[in-house]
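Subject: Handover of a model, with notes

Dear colleague,

Please find below the structure that I am handing over to you, together with its sequence. My notes come after it, and I would be glad if you read them with the model open.

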Amino acid sequence: MLIAGFPAGAWATNCYLVAPAAGEECVIIDPGHQATQGVEDALKKHRLKPVAVILTHGHIDHVASVVPVCGAHGVPAWIHPEDRYMMSDPEKALGRSIGMPLMGELTVGEPDDVKELADGVGLELAGLELSVAHAPGHTKGSVTFRMPESADVPSVFFSGDLLFAGSIGRTDLPGGDMDEMLGSLARVCLPLDDSTVVLSGHGPQTSIGQERATNPYLRQVAADRQEPGPRPAPRRGM
């Protein structure tokens, strides 16, 4: 298994290239702001051929490079239908302007081929098996991708902005909802094995076991929604 990841752009959004091994086909997860060159460098370094871009959600920091990446390689982009509009109207998704200088660097719009994700679907791409879970809370169309455990590799969970090391994604932007976020954490994250590797949209790698033990939000939902104390602030990314 090959996973090449790097933080890109103004929001340090993690972009991942995933393949069975070097020299094979791959999928690209969340090519965000200023990710194009990093994607091309990783493709060249590992001799990879992309077959699809898959998106955990539609915020501009995760999709800003989708059009040039898909266009350069003639591949489709997969996104949940409830977040699809964000590719063409990123400012509506944020409820505010993201700034004219930054906007000048972006290619806003959809790639030529867009496919829609659904909860519970299994994607078979580039020789990989990825299970999709709809996980609203950060946005209405947020999803996660999970690859099953194999003989020598633990399960890998691409959490997007649902779960971070020690925190969760913010819920104060349009489409965000804290109750939905807690419900997604309980439904999607809690059933996973402690050994599951978590690769999130921002920040370092972690594991479900680490987050189950230390993340205040997972601890809260694991306590069966008992009356919580003051909630810590979610991570203030996008």
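This is a predicted model: local features need pLDDT of at least 70, side-chain atom pairs count only at pLDDT 80 or more; totals for chains, interfaces and linings use all residues.

Residues are numbered from 1 along each chain as its sequence is written, and side-chain values use heavy atoms, with hydrogens and water left out.

**The chain as a whole**

The secondary structure comes to eight helices and 14 strands, where helices (H or I, at least four residues) and strands (E, at least two) are DSSP runs numbered from the N terminus. Of the 238 residues in the chain, 53% count as buried; buried means under 20% relative accessible area, exposed means over 50%, and partly exposed lies in between, with a 1.4 Å probe and protein chains only. Of the contacts with a separation of 6 or more, 63% are made by residues 24 or more positions apart, a contact being heavy atoms within 4.5 Å.

**Nonpolar cores**

A nonpolar core is here a set of buried Ala, Val, Leu, Ile, Met, Phe, Trp, Tyr and Cys residues joined through side-chain atoms within 4.5 Å. The largest one has 29 residues, of which Leu-17, Ile-28, Val-39, Val-53 and Val-66 touch the most other members. At least two residues of this core come from each of several elements, among them strand 2 (13-19), strand 3 (25-29), helix 1 (36-46) and helix 3 (66-73), while strand 1 gives the most, with four residues. Leu-17, if residues up to four places away in sequence are not counted, touches a list of residues including Leu-2, Phe-6, Ile-28, Val-39 and Leu-48. There is also a second, separate core of 21 residues, which includes Leu-125, Ala-126, Leu-130 and Phe-158.

Strand 10 pairs with strand 9 (residues 143-147) in the antiparallel sense over three bridges, where two strands pair if DSSP finds at least two bridges between them. Within that pairing, Phe-145 has Phe-158 as its bridge partner, and Met-147 stands opposite Val-156. Strand 10 is also joined by four bridges to strand 13 (residues 197-200), the two running parallel, and here Gly-160 has Ser-200 as its bridge partner.

Strand 9 is largely enclosed by the rest of the structure, because four of its five residues are buried. Strand 9 pairs with strand 8 (residues 128-134) as well, in the antiparallel sense and over four bridges, and the bridge partner of Val-132 in strand 9 is Phe-145.

**Pocket and cavities**

On a 1 Å grid over the protein atoms alone, a cavity is a set of points where a 1.4 Å probe fits but cannot get out, and a pocket is an open set with protein on both sides within 12 Å along at least five of seven lines, lining residues having an atom within 4 Å of a point. The largest pocket holds about 170 Å³ of space, and its lining includes Met-1, Pro-20, Leu-128, Met-147 and Val-156. The structure also holds two cavities of 30 Å³ or more, and the largest cavity has a volume of about 40 Å³. Among the residues that line this largest cavity are Thr-56, His-57, His-138, Val-143, Ser-159 and Met-181. Volumes are the space filled by probe spheres set on the points, with grid points joined across faces, edges and corners.

**Two single residues**

Thr-171 is found in the loop between strand 12 (167-168) and helix 6 (178-189), and it counts as buried because its relative accessibility is 15%. Leaving aside neighbours within four places in sequence, Thr-171 is in contact with Gly-137, Gly-176, Asp-177, Met-178 and Met-181.

Asp-179 is found in helix 6 and, at 54% relative accessibility, counts as exposed. The C-alpha atoms of Asp-179 and Pro-136, which are 43 residues apart along the chain, are separated by 9.5 Å.

With best regards
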